[in-house]
Amino acid sequence: MTQHSHHHSPHHGGHTRDHEAALADLLDLDAEVFGSYLDPVAEWVGQRTGETTHRVVDVGAGTGVGSLTLARQFPAAEVIAIDRSEVMLERLRTAANGWGLAGRLSVVHADLDVAWPAVDAADVVWAASSLHEVADPDRALRAMYGALNTDGVLVVVEMDALPRLLPDDLGLGRPGLESRCHEALARLDWNSHPNWRAHVERAGFVDVEERSFTSEATPAPRSTGRYAQNFLRRIRSALDGQLAADDRATLDRLLSEDNPDSVLHRGDLTVRGSRTVWIARRP
């Protein structure tokens, strides 16, 4: 995994517990703000698998948003959540207990850059915002192929682009701030990933389908301000020294707890995001 690749890094190693806890908070907020795509994707997976789903593996599960969605979609299935962050897995266990799912949702601490863990063959392997984080995605896809039963289904989810949260004109004399930030992050390869279709087919999968799912909300959910603050803090840190002084000052005003221009107090935040999903079958 690369330090700069994606602001959601459930696999990411080498961080302090405080850093991973902050990232876990961001993942949970992301689910609150942008998670409307999850149920439609899970329903699509259900259409591809029918009633034969007995075991689901969530690869790079993070705080378990996907794991919990899949557990609800497949109420008779065992769900195995894999991540290399103990902090994430602790958060996932707590969430599973809260949903009454502890009896059929288990966690596995493993680093996919080292080896695929010893888990029983699955009917669904789900990799959301995690495939681009591994060092060798093609090797990981071959491992996922080997982890599936015949006719098992692979699901890969990625962000199309970074989420849009700010109006173009913030009323602070620096229109277009978010676009400039996204352009600078693109130069750092944030959220960088290919179209996975060729990689999935090269690993041996067939019947590959690709769809885009959008997340939009007007007005923005209440938690959007906290999400924006967390996300923009990561942007501010990543782009330190790369933005114009006026843009840095504007970001600082948006991030301040007490400033009336803070994202915590604004009523003009937006929710615009989209994911691409690839679904394929092991023949």
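Predicted model: local features only at pLDDT ≥ 70, side-chain atom pairs only at ≥ 80, totals over all residues.
Residues are numbered from 1 along each chain as its sequence is written, and side-chain values use heavy atoms, with hydrogens and water left out.

**Stop 1: α1 and α8**

Select residues 17-34 for helix α1 and 224-238 for helix α8; their axes come within 9 Å and cross at roughly 135°. Helices (H or I, at least four residues) and strands (E, at least two) are DSSP runs numbered from the N terminus, and axes are lines fitted to C-alpha atoms, for helices over the stretch in contact, with angles running from 0 to 180 degrees between N-to-C directions. α1 and α8 are therefore oblique to each other. Their crossing is left-handed, a term for a near helix turned anticlockwise from the far one by less than a right angle, clockwise being right-handed.

Now show side chains. Contact means heavy atoms within 4.5 Å; on the α1 side look for residues including His19, Leu26 and Phe34, and on the α8 side for others including Tyr227 and Phe231. The residues of this contact divide into eight nonpolar, three polar and four charged. Here Ala, Val, Leu, Ile, Met, Phe, Trp, Tyr, Cys and Pro count as nonpolar, Asp, Glu, Lys and Arg as charged, and the others, Gly among them, as polar.

**Stop 2: α2 and α3**

Next, pick α2 (38-49) and α3 (65-73). Their axes come within 10 Å and cross at roughly 50°, and α2 passes α3 in a right-handed crossing. Leu38, Asp39, Ala42, Glu43 and Gly46 of α2 make the contact with Val65, Thr69 and Gln73 of α3. By class, three of these residues are nonpolar, three polar and two charged.

**Stop 3: two loops**

Zoom in on Thr218 and Pro219, which are joined by a cis peptide bond with omega about -5°. Pro219 lies in the loop between β6 (206-217) and α8.

Then select Asp189, in the loop between α6 (177-187) and α7 (197-202). What is the phi of Asp189 near? Phi is near 65°, a positive value in a residue other than glycine.

Notes:
Parallel < 35°, antiparallel > 145°, perpendicular 65-115°, else oblique.
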